[in-house]
Amino acid sequence: MKSQARVVVIGGGVVGVSVLYHLAKRGWTDVMLVERSELTSGSTWHAAGGMHTINGDPNMSHLQAYTVKLYDELDRESGQSCGIHRVGCLYLAGTEARADYFKTELAKAHYLGIGLHEVSMDEVKKINPLVDTSKFTKAMFDPADGHVDPSSVTNAYAKAAKNKGATISLRNPVLELKQKPNGHWLVVTKEGTIEA
């Protein structure tokens, strides 16, 4: 195991490997991820894997849209499927307040270049014949929404990060973190100590 790294990421869930991948993508090849067990062995393994671009916070909408597009890139870079299922999502408004909220979301989507768009009730019926359109006044549809397999996404991130020079150490729990006087950190693991 390496005894030094520019960055040590602790935890091999989808967030940890995403951080590792993005550091490596930006040219930081001296980066390492340490996981106490196996990739996805924490909360990632039972995550629903929903993907959508609509969010009340524009920054989160932008981040979610970036991630939805990134899955295709990860498929190519890693040679491993992320388990993407873009089934789209209908958003339905049954009140004036909800319809007003949709105006905000549509404007935000247009600004961010997200594919969310307004659809008629006839289009709603074509998309999902089970919807009782008499209950709703406004509808939006985002064709990019859907779900992914969280385990596949995690492993695609990990493989793409390793392809870019990152290192992953599995079954290696972190026992302690110590800060040195020079500001560096010592990551004490079962297999040894890494200075970062």
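Entry 1. I count Ala, Val, Leu, Ile, Met, Phe, Trp, Tyr, Cys and Pro as nonpolar, Asp, Glu, Lys and Arg as charged, and the others, Gly among them, as polar. I also note that this is a predicted model.

Entry 2. I looked up the largest pocket. About 490 Å³ of space lies in it. I found 22 residues in its lining, and Val 14, Gly 50, Thr 67, Tyr 71 and Tyr 157 lie nearest the centre. By class, the lining residues of the largest pocket divide into 13 nonpolar, 9 polar and no charged.

Entry 3. I asked which elements build this lining. At least two residues each come from helix H1 (14–25), strand E3 (50–51), helix H2 (58–78) and helix H5 (150–163). H2 gives the most, with 7 residues.

Entry 4. I searched the whole structure for aromatic pairs and got 2. One of them joins Tyr 21 and Tyr 157, with 5.5 Å centre to centre and 55° between the planes, and is tilted. Tyr 21 sits in helix H1 and Tyr 157 in helix H5, 136 residues apart, and the pair links distant parts of the chain. Both Tyr 21 and Tyr 157 are buried.

Entry 5. I then took Tyr 101 and Phe 102. Their ring centres are 6.3 Å apart and their planes are at 50°, so this pair is tilted as well. Is Tyr 101 buried or partly exposed? Tyr 101 counts as partly exposed because its relative accessibility is 30%. Phe 102 has a relative accessible area of 0%, so I list Phe 102 as buried.

Entry 6. Last, I checked Trp 28. Arg 6 lies over the face of its ring, 3.4 Å from the ring centre.

How values were computed. Residues numbered from 1 in each chain as written. Predicted model: local features only at pLDDT ≥ 70, side-chain atom pairs only at ≥ 80, totals over all residues. Heavy atoms only, no water. 1 Å grid on protein atoms, 1.4 Å probe; cavity = no way out; pocket = protein on both sides within 12 Å on 5 of 7 lines; lining within 4 Å. Points joined across faces, edges and corners; volume = space filled by probe spheres on them. Helix = DSSP H or I, 4+ residues; strand = E, 2+ residues; numbered from the N terminus. Phe/Tyr/Trp six-rings, centres within 6.5 Å; stacked < 30°, edge-to-face > 60°. Buried < 20%, exposed > 50% of the residue type's maximum accessible area, 1.4 Å probe, protein only. Lys NZ or Arg CZ within 6 Å of the ring centre and 35° of its normal.
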